[in-house]
Amino acid sequence: MMPQPPPAPSAWRRIQTAWGLPDLAGKGRFVTANLIDSLGNGLVVAFTVVFFVKTTSLSLVAVGAALTVGQLLVLPFPLFIGRLLDKYGPRTVVAAGNWISVAGFIGFLFSHAAWQIVLWQFVVQLGSTAFWMGNSPLTVLVARGVERARWFGFVRALRNVGVGFGGAASAVALSIGTVAGLRAVMVINVVTFAVAGWLVFTLRGADTSEAAGAGPAEPKPADPEQAAGETTGQPSGGYRTVLKDTRYLRLVATNISFVFSSTVITVLLAVYAVDDLDVGAWIVGVFVVLNAAMVALLQTLASRWIEARRPVTVLVLALLFNAAAFVVFGTLLVLPGWAVIAGLLIAMVLYTVAEMLGSPPTSELSVVMAPEHLRGRYLGVYQLSWSVGGAVAPALLTALLEGGAALPWVFLTAISVLAVPLVLGLDRRPAATSEAAPAGDVAPKEQLDGDPVG
């Protein structure tokens, strides 16, 4: 008897494949939780300062200072969260991150003094840090070894869509302007983040019909001795092991370049365009929308292209596109007025392409380059590149802009180009582990819900 041909893919699956979307079947809880978090972050980013100005007697400056202090207090905590990731696994940490943010939003509702804003901003940011540190390994778990680049690209696109809609909803709420309306938005955030935490925490038995070898599953919680490497044959020392891993530290250093680049829109673009290029603020708004729309619509297609190529090749391209964008931004200073708008458009397209190319491979490599039993600690160090870079970038870039309009673009171009040698060879396995599969590609004998497979 002739073997039966496999069934033809459904129309929806053909659409998913064409647009670079991963297979979403059975992943609704994970997708919904990410969308809720993105919507909530969109609300918070555009909403928090005005919320406290309207609901407290504090000045704008005092509110801004309190929020900044609260965020700075979180800087050392990725290292602690990394230990929790190794002990409890990403699903628990992501759910806990959502619920910690819920506690912070509830605290926002009852904050009237600056110290209260500092405290609850710290709590909200701690929850957000836990969510994003756990979400990358959880994405690897959900992908189960296939379509990983697509999954990271999809999560990135989902975040842009959520932040955009959240920001729009926030603008509507702010236009109403009543204190009751502002409090209602915060209550909605409380409810939705609580639901997102529940969705992640109950994310059980995904792909249970597949063999255990289908791909990575949730890392098995490591006991303290194993985490220290005393029973696994891995180098001992916890964070000392991470700091000795020069390949991973090169990835962290490379990511700092991307972190600085990611702040261009929020820190530099508006003041540079308005004050130095004499461009209307509304035009800047148009280019910001263009950036968000390109990522939302094209990120999954970019991920489809990325998955067929080496991560290092893609990262080099992303760094070079960033460098090209910053060169164009800087040269706008010497262009006539009629050419500035066209130059801004070219620079923004180059910048957005770099963003779409750089995000999936850096997120994926941050997980799969880490040995499984220390993955949380590795991600703790990786997260520091975001935390420290995000804190330093606004002060440094604005100081450079004050010293000369071209200086921040020279600096950003330089760190993008200098990061290229750091990337080369990152996806090669060290000689000592050349006979073993790369971290993250070995299927642990555990399913998503933590029940042993056998």
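Visitor: What covers the buried residues of α11?

Guide: Bear in mind that we are looking at a predicted model. The cover of the buried residues of α11 includes α12 (264-276), α14 (311-331), α15 (337-368), α16 (375-403) and α17 (407-423).

Visitor: Which residues of α11 are buried?

Guide: Start with the general idea. An α-helix has 3.6 residues a turn, so residues three or four places apart point the same way. Now the case here: Arg 247, Tyr 248, Leu 251, Val 252, Thr 254, Asn 255, Ser 257, Phe 258, Val 259, Phe 260 and Ser 261 are buried in α11.

Visitor: And how many residues does α11 have, and what span does the helix reach?

Guide: Helix α11 covers residues 246-262, 17 residues in total. From first C-alpha to last it reaches 24 Å, close to the 24 Å expected at 1.5 Å a residue.

Visitor: Next, the rings. How many aromatic pairs does the structure hold?

Guide: A pair of aromatic rings is described by the distance of the centres and the angle of the planes. This structure holds 15 such pairs. Take Phe 51 and Phe 52: the ring centres are 5.2 Å apart and the planes are at 75°, so this pair is edge-to-face. Both Phe 51 and Phe 52 are buried.

Visitor: What about the rings of Phe 52 and Phe 108?

Guide: Their centres are 4.9 Å apart with the planes at 85°, so that pair is edge-to-face. It links distant parts of the chain, with Phe 52 in helix α2 (residues 28-55) and Phe 108 in helix α5 (residues 90-109), 56 residues apart. Phe 52 and Phe 108 are both buried.

Visitor: Which residues do ring pairs link into a cluster?

Guide: The cluster is made up of Phe 51, Phe 52, Phe 105, Phe 108 and Phe 193.

Visitor: Let's go to charges. How many salt bridges does the count come to?

Guide: Side chains of opposite charge can pair when their charged atoms come close. Here the count comes to 3 salt bridges. In one of them Arg 377 pairs with Asp 86, with the closest N and O atoms 2.6 Å apart. Arg 377 lies in helix α16 and Asp 86 in helix α4 (residues 77-88), so this bridge ties together parts 291 residues apart in sequence.

Visitor: Are Arg 377 and Asp 86 buried or exposed?

Guide: Arg 377 is buried, and so is Asp 86.

Visitor: Where does Glu 307 lie, the partner of Arg 150?

Guide: In that salt bridge the closest N and O atoms are 2.7 Å apart. Glu 307 sits in the loop between α13 (281-306) and α14, while Arg 150 is in helix α7 (residues 148-176), so the pair ties together parts 157 residues apart in sequence. Glu 307 is partly exposed at 36% relative accessible area, whereas Arg 150 is buried at 6%.

Visitor: What separates the side chains of Arg 156 and Glu 355 in their salt bridge, N to O?

Guide: The N to O distance is 2.3 Å. Arg 156 lies in helix α7 and Glu 355 in helix α15, so the bridge ties together parts 199 residues apart in sequence. Arg 156 is partly exposed at 23% relative accessible area, but Glu 355 counts as buried at 17%.

Visitor: Last stop, the surface. Which residues form a nonpolar patch there?

Guide: Trp 99, Val 187, Val 191, Val 195, Trp 198 and Phe 201 do, with about 530 Å² of accessible area together. Helix α8 (residues 179-201) gives the largest share, 5 residues. Phe 201 lies in helix α8 and is partly exposed, with a relative accessible area of 34%.

How values were computed
Residues are numbered from 1 along each chain as its sequence is written. This is a predicted model: local features need pLDDT of at least 70, side-chain atom pairs count only at pLDDT 80 or more; totals for chains, interfaces and linings use all residues. Side-chain values use heavy atoms; hydrogens and water are left out. Helices (H or I, at least four residues) and strands (E, at least two) are DSSP runs, numbered from the N terminus. The expected span of a helix is 1.5 Å times one less than its number of residues. Buried means under 20% relative accessible area, exposed over 50%, partly exposed in between (1.4 Å probe, protein chains only). Contact means heavy atoms within 4.5 Å. Rings of Phe, Tyr and Trp (its six-membered ring) pair if their centres lie within 6.5 Å; planes under 30 degrees apart count as stacked, over 60 as edge-to-face and the rest as tilted. Patches are made of residues with over 30% relative accessible area and no salt bridge: like charges are joined within 9 Å, nonpolar side chains (Val, Leu, Ile, Met, Phe, Trp, Tyr) within 5 Å. Accessible areas come from the Shrake-Rupley method with a 1.4 Å probe; for residues, only the protein chains shown count as cover. A salt bridge is a side-chain nitrogen of Lys or Arg within 4 Å of a carboxyl oxygen of Asp or Glu.
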